Amino acid sequence: MPEDNLQQEALQAIQAAPDLGTLQAVKTRYVGKSGLVTKELGSLGKLPPEERKSRGAEINAVRQAIDTALGEREAVLKRAALDARLASEAIDVTLPGLGLPAGGLHPINRVYDDLTAIYERLGYTVIEGPEVEDEHHNFEALNVPWYHPARDLQDTFWLEDGRLLRTHTSPMQVRYMVDHEPPLKIVVRGKVYRYEATDATHEAMFHQLEGLVVGDGISMADLKGTIAEMARGLYGPSAKVRFQPSYYPFVEPGADFAVWWDNPRGESKWLELGGCGMVHPNVFKAVDDLREAAGKARVYEGKTGFAFGLGPERIAMLKYGIPDIRYFYANDPRVIGQFRGELG
Amino acid sequence: MKLPYSWLQELVPQLPPAPDLEPVLASMGLPLEGIEEVPAPAEGVVLAAVTAAEPLEGTQLTRLSLDVGPHGARTIASGAPNAVGLSAGTMVALVTPGTRLGDVEYGVRAMQGVESWGMAASAKELGIGEASAGLLLFPAGTAAPGTPLRELWAADRVLDVEVTPNRADVLSALGLARDLAAFLGLALVEPEAGPQPSGEGEIRVVLPPRGVTLERDPSQKLRFGCDHFAARTVSGVQNGPSPLWMQRRLTLAGMRPIDLIVDTSNYVMLELGQPTALYDRRDVQGDQIIVSFGLRQGETVRDLLGGEHTVGPEDLLIRDGREVQIPTVAEAFATAGEAQPGQGVLGIAGIVGGDHGHVRADTEDVVIESAHFDPVLLRRTSTRLGLKTDAVYRYERGVDPLLAPRGANRVAGLLAQHGGGRPFPGATVVGQPDLPGPIEATGEQIRALLGMEVGTDEMAALLTRLGCGVERDGDHLTVTPPSWRVDLSIWQDLAEEVARLHGYAHLPETLPTLRVHTSNLGAERASQERATLRRTLSGLGFQEVVTYTFTSDEEAGKARSERPGVRLRNPLTADRTGMRTALYPSLLKAAQAHPKGERALLFEIGRIFPAEGEQERLGLLMRGPLAPQTHAPGVAGNFRAFRGLAEAFAASLGAELDVRQRRGDAVPPALHPGIAGEVVWNGQGVGWLGALHPEIAQAFGLKGDTFLLEAGLPLPGRAWAFRDPSRAPAAWRDLAVIAPNAASYGDIAALLRREAGELLESVEPFDVYEGAPIPEGQRSLAVRLVFRGARTLTDAEVDPVMDRLIQAVRAQGWSIREK
């Protein structure tokens with residue numbers, strides 16, 4: 001039987017094919033368009049019809065056997081080729097990756113962001129304002145007249161043109177109220193300046209967050225509740241607030257506030273964070289005077305409101321245990337690069 | 001303010017123990033800065049009288065010869081600076097041999113040939129005080145030599161109370177005791193009043209006219225000068241050391257004992273809060289005191305410490321009765337101001353006594369001045385003269401205007417008790433201080449402001465405890481504050497007192513409820529945009545920095561930024577004399593904090609202060625590799641990488657960033673003249689970027705390339721809203737333009753965009769080539785142009801556009817590189 005030989009020969013060639021290219025050649029030789037088996041099939045027409053059928057079946061069986069073997073061998077060779085490629089592509093994944101830069105935010109601004117997020121949730125508008133101020137907005141309109149001993153508390157950088165570097169963010173209370181009508185809820189963030197020699201806890205430049213709420217029937221209890229909300233936002237649900245009487249000329253009554261902090265990493269304690277109080281009627285009067293001078297209606301008389309102020313440096317120093325306020329502006333990458341991710 | 005606990009306890013006998021006072025005082029608004037434990041001095045420390053003090057040649061030491069009573073005559077060598085020239089009789093605290101202080105046992109030593117018998121000690125060495133200016137000294141005759149110090153000097157605690165400027169009333173033992181008693185509901189024992197006067201005094205007093213208006217006072221309020229003056233005389237005082245208990249209290253309060261007369265004046269100030277000035281009657285010519293403004297410009301006054309001050313028509317002076325023509329303030333101003341010593345000036349009112357008239361060791365007849373002066377006037381003079389005394393500290397905050405006679409009587413009483421003086425029965429009291437009228441309030445008003453339920457009857461009771469006169473009519477209160485509470489003037493002040501005495505701890509916690517006011521909406525946009533910028537840059541790998549806004553001419557020169565126009569009148573240091581005019585010098589300084597050769601990728605959002613006004617700015621800086629080389633190549637930190645980051649930043653914000661080449665004079669002075677461009681953000685020029693000029697880099701010690709971008713904020717928003725993407729396929733064409741090197745890619749791309757019109761979707765460079773066959777000084781810039789329309793574009797639509805582009809290129813004098 002020549003077919004048997006043909007089949008045997010083909011199957012041997014298939015098994016012997018070392019790679020896909022050789023296998024393709026074997027396929028062409030036997031079952032290609034002019035392959036040996038294909039030719040046999042083509043010669044069927046020359047046979048008498050009675051033989052044709054049986055002969056055809058025989059040749060088809062051979063062809064089928066060859067096709068099957070081809071398929072199997074192809075699968076084996078493809079697998080081997082893939083394995084070889086994968087083996088050749090292996091790399092040491094323990095080597096470090098391309099050192100792309102990773103950025104971060106400054107710790108002061110992270111604290112600001114935490115604070116403003118709390119106040120935005122409470123419906124406050126976050127604003128900034130000029131750092132160069134005039135004496136009227138920084139002092140006079142805030143019930144600190146030129147002769148007042150409270151001026152000693154805020155040593156001032158004066159400018160050659162008679163203006164000054166704002167000693168607190170409170171002048172923005174005045175500016176905002178002159179431009180807007182009550183009711184209002186704002187927080188102000190920004191740099192402030194004091195004529196002070198620098199040391200570990202004092203800086204000539206630092207930051208403040210100032211809050212102001214004005215409306216009808218705003219009370220000191222509202223102020224305490226607001227500070228308590230902030231405390232819980234910053235230090236978790238166990239935070240508490242303590243108010244003690246204090247004095248700031250632009251509020252009456254005035255208070256200092258401290259927050260009880262359950263410190264997860266150290267001693268739990270009261271943190272004295274800032275000052276606050278009910279807006280002094282003289283401030284409302286000064287605002288109305290400025291409004292009137294600008295052709296606007298007097299709208300603040302008889303309103304009540306509260307204001308508070310605190311320093312993000314102090315919060316950051318207490319929260320993260322930063323020993324020296326000057327670290328914030330030295331911009332040592334080993335220091336400021338630490339304040340990333342959730343800091344707890 | 002420092003006060004010994006024992007003093008307060010004398011006035012409030014049921015006062016809780018000192019350690020328990022800290023939270024009490026804090027809740028009164030008078031937090032403690034500290035409590036100093038003052039132990040009694042060790043046994044073996046005795047008082048010794050100096051008999052001679054001689055310097056030891058060739059050393060810093062002084063040999064003190066001492067009378068130590070039962071221990072005989074002894075010598076010691078002392079290195080204390082105040083041992084030099086001690087007058088005979090002055091007493092020192094002597095640590096006798098065999099006494100232990102801490103770990104040290106003192107003995108007899110030979111020092112520079114002197115047999116040093118123990119040691120003369122400072123308060124600090126004895127553990128009884130912080131002051132360590134030198135030896136603890138006592139006036140002559142304080143006690144018999146050899147008296148153990150602890151017999152007179154018991155253990156105590158000093159409370160250091162932080163007093164806010166509004167609470168002048170507690171700047172004395174009486175004031176603090178009074179507030180404690182009111183707060184705790186305890187009984188107060190008033191200090192001795194002194195002999196009550198009957199009839200007129202021996203000294204005539206003339207006060208200045210009321211109602212003077214100061215020049216340069218923006219408020220133009222009438223100033224009264226002096227509205228209450230008590231003068232009393234005591235004759236036959238034997239001046240000498242004050243009693244030890246008085247010295248002890250003065251020392252613990254931080255004052256130095258001098259002699260009975262001076263100490264009495266200081267003691268009464270600490271006790272009652274009333275400053276007094278005591279004069280030697282021999283110098284008070286005509287038995288008359290004239291309180292007047294300066295007679296002319298340029299009057300000079302020498303104070304009792306020898307300091308010389310120039311005063312003028314707005315400074316209040318105390319004069320004796322010699323005849324002078326007292327001009328009005330206006331006349332005095334008109335007087336030509338040649339500096340001349342003032343005649344008969346006893347002192348600058350309420351601030352400091354004069355060289356003329358002050359009490360001395362041999363003073364016997366004393367004139368007591370106890371007065372109330374205008375706080376504004378005194379503050380003004382003391383600030384101008386730079387004289388901050390304990391007296392003016394109290395006056396400028398507000399001394400009880402009715403206290404003057406009581407102060408004078410108390411001084412007279414103490415001088416009689418301890419110096420054998422004879423107070424004249426009568427006293428001169430002139431002036432009539434204006435007391436603020438009653439304050440009207442309602443309980444409801446106060447409750448609403450506090451948000452706390454306090455009954456009106458309780459309010460009345462609390463205010464009465466403070467010393468207020470309270471009349472109640474239903475919910476209405478008419479409250480007359482006591483004369484010492486000069487800080488109470490409006491009903492909100494009463495609300496604070498009610499809250500303080502009721503307890504701030506009882507304030508409830510509520511949240512404000514407000515109507516919406518539409519004019520206040522939308523103001524938060526700027527803050528949110530800023531936050532987005534910061535987070536985007538941080539996400540791209542930039543570290544945020546916050547830097548000092550101060551600068552100096554020198555630094556601006558070094559950085560070639562504009563010289564500061566906002567300049568400090570009182571700079572703290574020479575490197576901070578003005579405010580920065582650009583952000584990049586701050587970024588360069590921040591980069592200096594990074595290790596050399598390492599990547600620094602920084603940004604800051606901050607304010608600059610050029611002459612035309614304050615602006616908010618964004619600055620970026622890049623140094624070092626974008627990714628460092630390790631076992632495999634990194635990514636170079638070159639201009640292309642920096643610009644790529646800027647582009648990614650813009651793309652993240654949905655903005656179009658373009659850069660226009662800057663050349664010649666248009667290059668910002670900070671930049672390398674060949675690597676400089678204008679930043680165009682959504683079509684508007686907002687700032688600049690480029691490489692730092694190498695000379696500036698050298699001046700800042702920054703080796704290697706530094707790239708900078710600085711732009712004004714806020715950045716302009718984009719002009720389009722939404723573009724519906726076309727589903728039609730793109731058609732593309734490549735074009736290589738040969739142009740002189742001076743023609744930037746930006747110029748060429750802009751030309752192509754302009755000429756191509758709407759069908760052109762994008763232009764991207766894919767090859768920049770210089771060299772043969774391109775002529776010298778020129779280059780070939782190959783760009784891929786992508787066209788897209790609403791429908792599939794045909795050649796018939798694109799080809800005419802390409803022809804137009806080629807024509808336009810040629811019209812510039814450039815050429816097209818053929819394939």
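In this predicted model, the side chains of Arg563(B) and Asp553(B) meet in a salt bridge, with N and O 3.6 Å apart. Arg563(B) belongs to the loop between helix 15 (553-559) and strand 34 (578-579) of chain B, whereas Asp553(B) belongs to helix 15 of chain B, so this pair ties together parts that are 10 residues apart in sequence. Side chains of opposite charge can pair when their charged atoms come close.

**Salt bridges**

- Arg563(B) is exposed because its relative accessible area is 54%, a value over the 50% cut-off.
- Asp553(B), with a relative accessible area of 29%, is partly exposed.
- Salt bridges that share partners form one network, and its members include Asp113(A), Glu128(A), Arg189(A), Arg530(B), Arg607(B) and Glu616(B).
- Over all chains, the structure holds 78 salt bridges.
- Another salt bridge joins the side chains of Glu497(B) and Arg485(B), at 2.7 Å from N to O.
- Glu497(B) is placed in helix 13 of chain B and Arg485(B) in the loop between strand 31 (476-480) and helix 13 of chain B, so the pair links parts that are 12 residues apart in sequence.
- Both Glu497(B) and Arg485(B) are buried.
- Arg302(B) and Glu308(B) also meet through their side chains in a salt bridge, at 3.4 Å from N to O.
- Arg302(B) has a relative accessible area of 41% and is therefore partly exposed.

**The interface of chain A and chain B**

- How many residues does the contact take from each chain? Chain A gives 96 residues and chain B gives 90 residues.
- The size of an interface is often given as the accessible area lost when the parts come together.
- Between them, chain A and chain B bury about 7,500 Å², and 58% of this area is on carbon and sulfur atoms.
- In chain A, the residues that lose the most area to chain B are Trp146(A), Tyr147(A) and Pro245(A), which together account for 10% of what that side buries.
- Eight salt bridges are found across the interface of chain A and chain B.
- Glu128(A) forms a salt bridge with Arg607(B), and the closest N and O atoms of this pair are 4.0 Å apart.
- Across the interface of chain A and chain B there are also 29 residue pairs in polar contact.
- Helix 8 (residues 220-235) of chain A gives the most to the side of chain A that touches chain B, with nine residues.

**Selected residues**

- UniProt, in an unreviewed entry, lists Glu252(A) under "binding site".
- Glu252(A) is located in strand 7 (residues 251-261) of chain A.
- Is Glu252(A) buried or exposed? Its relative accessibility is 8%, so Glu252(A) counts as buried.
- Beyond residues up to four places away in sequence, Glu252(A) touches residues of both chains, including Met278(A), His280(A), Leu449(B) and Gln492(B).
- Ser219(A) sits in the loop between strand 5 (205-215) and helix 8 of chain A.
- Ser219(A) is buried because its relative accessible area is 6%.
- The side chain of Ser219(A) reaches the backbone nitrogen of Ala221(A) at 3.3 Å.
- Apart from residues up to four places away in sequence, Ser219(A) touches several others, among them Met278(A), Phe306(A), Leu449(B) and Thr510(B).
- Glu524(B) lies in the loop between helix 13 (491-502) and helix 14 (525-539) of chain B.
- Glu524(B) counts as partly exposed, at 24% relative accessibility.
- Leaving aside neighbours within four places in sequence, Glu524(B) is in contact with Thr125(A) and Val126(A).

**Strands of chain B**

- In strand 18 (residues 276-280) of chain B, five of the five residues are buried.
- In a regular strand the side chains alternate between the two faces of the sheet.
- In strand 18 of chain B, Thr276(B), Leu278(B) and Asp280(B) lie on one side, Ala277(B) and Tyr279(B) lie on the other, and all are buried.
- Strand 18 of chain B runs antiparallel to strand 26 (residues 366-373) of chain B, and five bridges join the two.
- Within this pairing, Asp280(B) stands opposite Val366(B).
- Three other strands of chain B form an open sheet with mixed pairing, in the order 21-20-23.
- Strand 21 (308-311) and strand 23 (340-341) of chain B each have a single partner strand, so one side of each is left without a neighbour in the sheet.

Key
Residues are numbered from 1 along each chain as its sequence is written. Chains are lettered from A and ligands numbered from 1 in the order in which they are written. This is a predicted model: local features need pLDDT of at least 70, side-chain atom pairs count only at pLDDT 80 or more; totals for chains, interfaces and linings use all residues. Side-chain values use heavy atoms; hydrogens and water are left out. Buried means under 20% relative accessible area, exposed over 50%, partly exposed in between (1.4 Å probe, protein chains only). Helices (H or I, at least four residues) and strands (E, at least two) are DSSP runs, numbered from the N terminus. Two strands pair if DSSP finds at least two bridges between them. UniProt positions are given in the numbering used here, feature names are shortened, and annotations may be inferred rather than shown by experiment. Contact means heavy atoms within 4.5 Å. Buried area is the accessible area (1.4 Å probe) that two parts lose on being put together, summed over both. A polar contact is a pair of N or O atoms within 3.5 Å; within protein, one must be able to donate a hydrogen and the other to accept it, and residues adjacent in sequence count only if both atoms are side-chain atoms.
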